Amino acid sequence: GHAMLRVSGLDLDFGTPRGRAHALRNVGLTVAPGDIVGVVGESGSGKSTLAYAVMGLLADNAEIVDGTILFEGRDLLAMTPEERRALRGSRMSMVFQDPMTSLNPVRSIESQMIDVQHRQSGSRQARRRRAIEMMERVGIPDPHNRIRGYPHEFSGGMRQRICIAMALLVRPALLIADEPATALDATLEVQIIHLLKDLQREIGCSIVFVSHHLGTVAELCDRVAVMYAGEVVEYGDVREIFHTPGHPYTKALLECDPGRIPTRTRVLPTIPGEVPNLLDVPSACTFRTRCPHAFDRCAVELPALRATGTTQWARCHLLERTGDLPA
Ligand code: SF4
Ligand code: MG
């Protein structure tokens, strides 16, 4: 079908005092209307950078070297900053890891929730009504009174609910959530995930959900892109990937996540070895410095993204040999 979002061949560098960090290399991602797509990886894998690139919120030292980002058929990278800003207030919105990224501490929730609807029709009263309804919908008690409050009067979990409400008041076709529940405790995390899932069903928007936790992604998402050191190493249907991971990195992530679905550990997966330095990424297969199966070819040739199932693709030379991973 028609893609809502299509990222292809995206290469992105950060200029640093020590040289160019290759934060994204040849990244592709497709999101269909109504899809929930997870982007998962360790910190430094490029998952947030990808999210910020789509939103047009990259830091000044970021440079998109190659690739395209099409959103509803429009080329985002050809747009002016004003056009991108307009899009962020209408067709796409974002929930950040830290709610205070999008909340102004010195303004009431009411004025912020009314402002976020500035591209929509209706009176101030109508917007206020929609804000209260949305607060109710995301589970904020007594919204008629609490809407007059300020961010510091809410707990972390409630603040994140307010941010989700604000992001949805934009009525986006695409919502990007960057680890929206990582800073919360496990119970709140479960609630936020279920809330996003319910709201997605009601509103029908697409969601890109960035997480370092495969268990959370499995619970929420239809599809998942697994990122490693700036590349998508595996992509496809969540259930298929959980059942039969195609890439040794995905397999390692799953093995560090023993309960699999739904684990609630706050501990990050630990895979032996370190995430490569993006100033000096290993040649050919970037995972080879940590891969238990690495062989000669892995150091000289970049593995292509290969189909390993009906709706699953992975980047590993082993797949060509055997079509499967060693047990
Ligand atoms: Fe491991 Fe080689 Fe596959 Fe890379 S290409 S994941 S090093 S086996
Ligand atoms: Mg991040």
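In this predicted model, twelve residues of domain 1 are in contact with twelve residues of domain 2. On the domain 1 side of this contact, helix H7, residues 186-203, gives the most, with five residues. The residues on that side divide into ten nonpolar and two polar, with no charged residue among them.

**Domains**

- Domain 1 is made of two stretches of the chain, 5-91 and 172-322, while domain 2 covers 101-171.
- The C-alpha centres of domain 1 and domain 2 are 29 Å apart.
- An unreviewed UniProt entry carries the annotation "domain: ABC transporter" for residues 5-254.

**Four-stranded sheet**

- Four strands form an open sheet in the order S2-S1-S4-S5, and their pairing is antiparallel.
- Strand S2 (19-31) and strand S5 (74-75) are the edge strands, each pairing on one side only.
- Strand S1, residues 5-16, runs antiparallel to strand S4, residues 62-71, and eight bridges join S1 to S4.
- Within S4, Ile64 is the residue that stands opposite Leu12.
- Helix H1, residues 47-55, packs on the sheet and touches S1, S2 and S4. The direction of helix H1 makes about 110 degrees with that of S1.

**Eight-stranded sheet**

- A further open sheet has eight strands, ordered S6-S7-S8-S3-S9-S10-S12-S11, and its pairing is mixed.
- The edge strands of this sheet are strand S6 (92-95) and strand S11 (305-309), and each of them pairs on one side only.
- From one strand to the next, the twist averages 20 degrees.
- S6 pairs with strand S7, residues 174-178, in the parallel sense, and four bridges are found over this pairing.
- Met94 has Ile176 in S7 as its bridge partner.
- Strands of a sheet pair through backbone hydrogen bonds, in either a parallel or an antiparallel sense.

**Surroundings of ligand 1**

- The residues that surround ligand 1 include the cysteines Cys285, Cys291, Cys298 and Cys316.
- His293 and His317 also belong to the surroundings of ligand 1, as does Arg288.
- By class, the shell around ligand 1 divides into nine nonpolar residues, two polar residues and one charged residue.

Methods
Residues numbered from 1 in each chain as written. Chains lettered and ligands numbered in written order. Predicted model: local features only at pLDDT ≥ 70, side-chain atom pairs only at ≥ 80, totals over all residues. Near = placed C-beta within 6 Å. Nonpolar A, V, L, I, M, F, W, Y, C, P; charged D, E, K, R; others polar. Domains from an automatic or database assignment. Contact = placed C-beta atoms within 7 Å. Helix = DSSP H or I, 4+ residues; strand = E, 2+ residues; numbered from the N terminus. UniProt positions renumbered as here; feature names shortened; annotations may be inferred. Pairing = 2+ DSSP bridges. Axes fitted to C-alpha atoms, helices over the stretch in contact; angles between N-to-C directions.
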